[in-house]
Amino acid sequence: MPAMLPIIDLNAITQTFASCDGCPVTALQEVSLHLCRHEFVSLLGPSGCGKSTILRLIAGLIRPTEGQVRIFGQPVTEPRDEIGMVFQKPTLLPWLNVLDNITFAMRHKYGHVEKREEARARQLLAMTGLKDFAHKRPHELSGGMQQRVSIARSLLHDPDILLMDEPFSALDALTRDEMSLELLRIWDERPKTMVFVTHSIQEALLLSDRIVLMSARPGRVAAIIDVPLPRPRSLATLTAPAFAHMAYEIRLKVFSTHSNHA
Ligand SMILES: Nc1ncnc2c1ncn2[C@@H]1O[C@H](COP(=O)(O)OP(=O)(O)O)[C@@H](O)[C@H]1O
Ligand SMILES: [Mg+2]
């Protein structure tokens, strides 16, 4: 049944890093995770539990010490175009304007940017509320706007898989809510398989189909929580009684995961 084939498949991943003091660090231990097509999954867990490591494994930036990572059923051996990534910081090139930042990878790869791609870049700018900023340099934008540019850039290829590593963590609370809702709109409009790293229970609940709760080092999957809140979600979702109830349940689970560990 092809519909059941996991798009992202992590099988018994253990990840060990060498460290300066000679003691290897086990960042992940026996992590298995299976994501279906167009599923939105959040990774929630304390700093250092291996969330970014999971994204880097999926992106093909590192190879697992043990276990297997498969994308579309194939082992991951290198970074691929079907995967977009948004980091915690905007990582824009300061000497290029917004539009050129968005199309940079394409220009770098093919030596030019087709009209069609430039039109799409402008459309993404409009979608992220930056229509009038195409010719501004990054330093002329606020942190939130720069992060929107990063998100627009990650969407230019319309990747099947989008990996987001605490993309809103540097933003103030109001911008953060706004960005979450914007991301929901984008995902509703052009569904993709998403892995979203966050420290925020509310953000994870608002966005996700499932939340993967991770335990502290070595990172393991402590629980996988289904989020049956109806879609499309909106600001009103945040005030639903079911939302508050789930947030409370997850907080209890986080608490017990941490105290078990201590
Ligand atoms: N390249 C690396 N070399 C050595 N240690 C690393 C490396 N990358 C990550 N680690 C360690 O692995 C653990 C998990 O890191 P990370 O995935 O960044 O955690 P998180 O994103 O959950 O905060 C941390 O202890 C970190 O110090
Ligand atoms: Mg991280």
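**Entry 1: Thr 193**

I began with Thr 193, which lies in strand E8. The model I am reading is predicted. Is Thr 193 buried or exposed? I found 2% relative accessibility for Thr 193, and buried means under 20%, so Thr 193 counts as buried. Next I looked up what Thr 193 touches, leaving out residues up to four places away in sequence. The list includes Ile 7, Ile 8, Leu 35, Cys 36, Arg 37 and His 38. Glu 39, Asp 160, Ile 161 and Leu 162 are also among the contacts of Thr 193.

**Entry 2: E7 beside E8**

Ile 161 came up again when I checked the strand pairing. Ile 161 stands opposite Thr 193 in E8. Strand E7 covers residues 161-165, and E8 covers residues 193-198. I noted five bridges joining E7 to E8, and the two strands run parallel.

**Entry 3: the sheet**

I then asked in what order the strands of the open sheet stand. The order is E6-E7-E8-E3-E9-E10, six strands with mixed pairing. Which strands stand at the edges? They are E6 (83-86) and E10. Each has a single partner strand, so one side of each is left without a neighbour in the sheet.

How many of the nine residues of H1 are buried? Seven are, so H1 is largely enclosed by the rest of the structure. I wrote down the buried ones: Lys 51, Thr 53, Ile 54, Leu 55, Leu 57, Ile 58 and Ala 59. Just after H1, Gly 60 takes a positive phi of about 80 degrees.

Helix H5, residues 173-189, also went into the notebook. H5 lies across E3, E7 and E8. I read its direction as about 170 degrees to E8.

**Entry 4: strand E9**

I turned to E9, residues 210-215. Six of its six residues are buried, so E9 is largely enclosed by the rest of the structure. In a regular strand the side chains alternate between the two faces of the sheet. I looked for this in E9. Arg 210, Val 212 and Met 214 point one way. Ile 211, Leu 213 and Ser 215 point the other way.

What joins E9 to strand E3, residues 40-44? I found four bridges, and these strands run parallel. In this pair, Val 41 stands opposite Arg 210 in E9. Six bridges join E9 to E10, residues 220-226, and here the strands run antiparallel. Val 212 stands opposite Ile 224 in E10. E9 and E10 form a hairpin with four residues between them.

**Entry 5: H4 and H5**

I came back to H5 to see how it meets helix H4, residues 143-155. Their axes come within 11 Å and cross at roughly 15 degrees. Angles under 35 degrees count as roughly parallel, so H4 and H5 are roughly parallel to each other. I noted the crossing as right-handed. On the H4 side the contact is made by Gly 144, Gln 147, Arg 148, Ile 151 and Leu 155. On the H5 side I have Thr 175, Glu 178, Met 179, Glu 182 and Ile 186. By class, this contact has four nonpolar, three polar and three charged residues.

**Entry 6: H2 and H3**

How do helix H2 (residues 98-110) and helix H3 (residues 115-127) cross? I found their axes within 10 Å, crossing at roughly 130 degrees. That makes H2 oblique to H3. This crossing is right-handed. H2 brings Val 98, Leu 99, Ile 102, Thr 103 and Met 106 to the contact. H3 brings Glu 117, Glu 118, Ala 121, Arg 122 and Leu 125. I sorted the contact residues into six nonpolar, one polar and three charged.

**Entry 7: Asp 81**

Last, I looked up Asp 81, in the loop between strand E5 (74-75) and E6. At 43% relative accessibility, Asp 81 counts as partly exposed. Leaving aside neighbours within four places in sequence, I found Asp 81 in contact with Lys 109, His 157 and Pro 159. I also checked Asp 81 against Ile 161. They are 80 residues apart in sequence and 9.4 Å apart in space, C-alpha to C-alpha.

Technical notes
Residues numbered from 1 in each chain as written. Chains lettered and ligands numbered in written order. Predicted model: local features only at pLDDT ≥ 70, side-chain atom pairs only at ≥ 80, totals over all residues. Heavy atoms only, no water. Axes fitted to C-alpha atoms, helices over the stretch in contact; angles between N-to-C directions. Parallel < 35°, antiparallel > 145°, perpendicular 65-115°, else oblique. Left-handed = near helix turned anticlockwise from the far one by under 90°. Contact = heavy atoms within 4.5 Å. Nonpolar A, V, L, I, M, F, W, Y, C, P; charged D, E, K, R; others polar. Buried < 20%, exposed > 50% of the residue type's maximum accessible area, 1.4 Å probe, protein only. Pairing = 2+ DSSP bridges.
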